[in-house]
Amino acid sequence: MESKKLISELDKPIFLAGMAGGITTPDLVASVCNEGGFGQIGAGYMTPDALAKDIDQIRQMTSEPFGVNLFVPEYPAIDQEKVDFMNKILHPITEKLNSKQIQDVSIDVNFEDMLNVIIDKHVEY
């Protein structure tokens, strides 16, 4: 089924945006779906294991279709000079909060693993 057709066939034209950071819980996604809308998991900050668990939980709570929203990854260059500069600026704050400054910045991208979970779990949207 095409997404446009799916939305036009909803009992209630409500589309739950897949907001990353834990806002779109399995309970919320399933509730929106069960009330006739279209729910989405905001999986942008999730691990593949957490996404698989949420998909399974949603499927236990609803038989309605739902979607998964991911961030398309970017691979920006890490400029250590900029990291060092910001650490210098933030030093008084981190010292006051008794917090460590981050020296080694890395970008952990698991986009392909997330796609594999979506495919393996047969989430169509």
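Predicted model: local features only at pLDDT ≥ 70, side-chain atom pairs only at ≥ 80, totals over all residues.

Visitor: Thanks. Is Phe-38 buried or exposed, then?

Guide: Phe-38 has 3% relative accessibility, so Phe-38 counts as buried.

Visitor: And what about Phe-15?

Guide: Phe-15 is partly exposed, with a relative accessible area of 44%.

Visitor: How many aromatic pairs are there?

Guide: The count comes to three aromatic pairs. In one of them, the ring centres of Phe-15 and Phe-38 are 5.5 Å apart and the planes meet at 20 degrees, so the pair is stacked. Phe-15 sits in the loop between α1 and α2, and Phe-38 in the loop between α2 and β1, so this pair ties together parts 23 residues apart in sequence.

Visitor: How do the rings of Phe-38 and Tyr-125 pair?

Guide: Their centres are 5.8 Å apart with planes at 85 degrees, so that pair is edge-to-face. Tyr-125 lies in the segment after α5, so the pair joins parts 87 residues apart in sequence. Ring pairs link Phe-15, Phe-38 and Tyr-125 into a cluster.

Visitor: Switching to α3: which residues are buried there?

Guide: Pro-48, Leu-51, Ala-52, Asp-54, Ile-55 and Ile-58. Down the helix axis they fall within an arc of 165 degrees, so they line one face of α3.

Visitor: What do those buried residues pack against?

Guide: They pack against α2, β1, β2 and α5. The face turned away from the buried side carries the exposed residues Asp-49, Lys-53 and Gln-60.

How values were computed
Residues numbered from 1 in each chain as written. Heavy atoms only, no water. Buried < 20%, exposed > 50% of the residue type's maximum accessible area, 1.4 Å probe, protein only. Helix = DSSP H or I, 4+ residues; strand = E, 2+ residues; numbered from the N terminus. Arc of directions from axis to C-beta. Contact = heavy atoms within 4.5 Å. Phe/Tyr/Trp six-rings, centres within 6.5 Å; stacked < 30°, edge-to-face > 60°.
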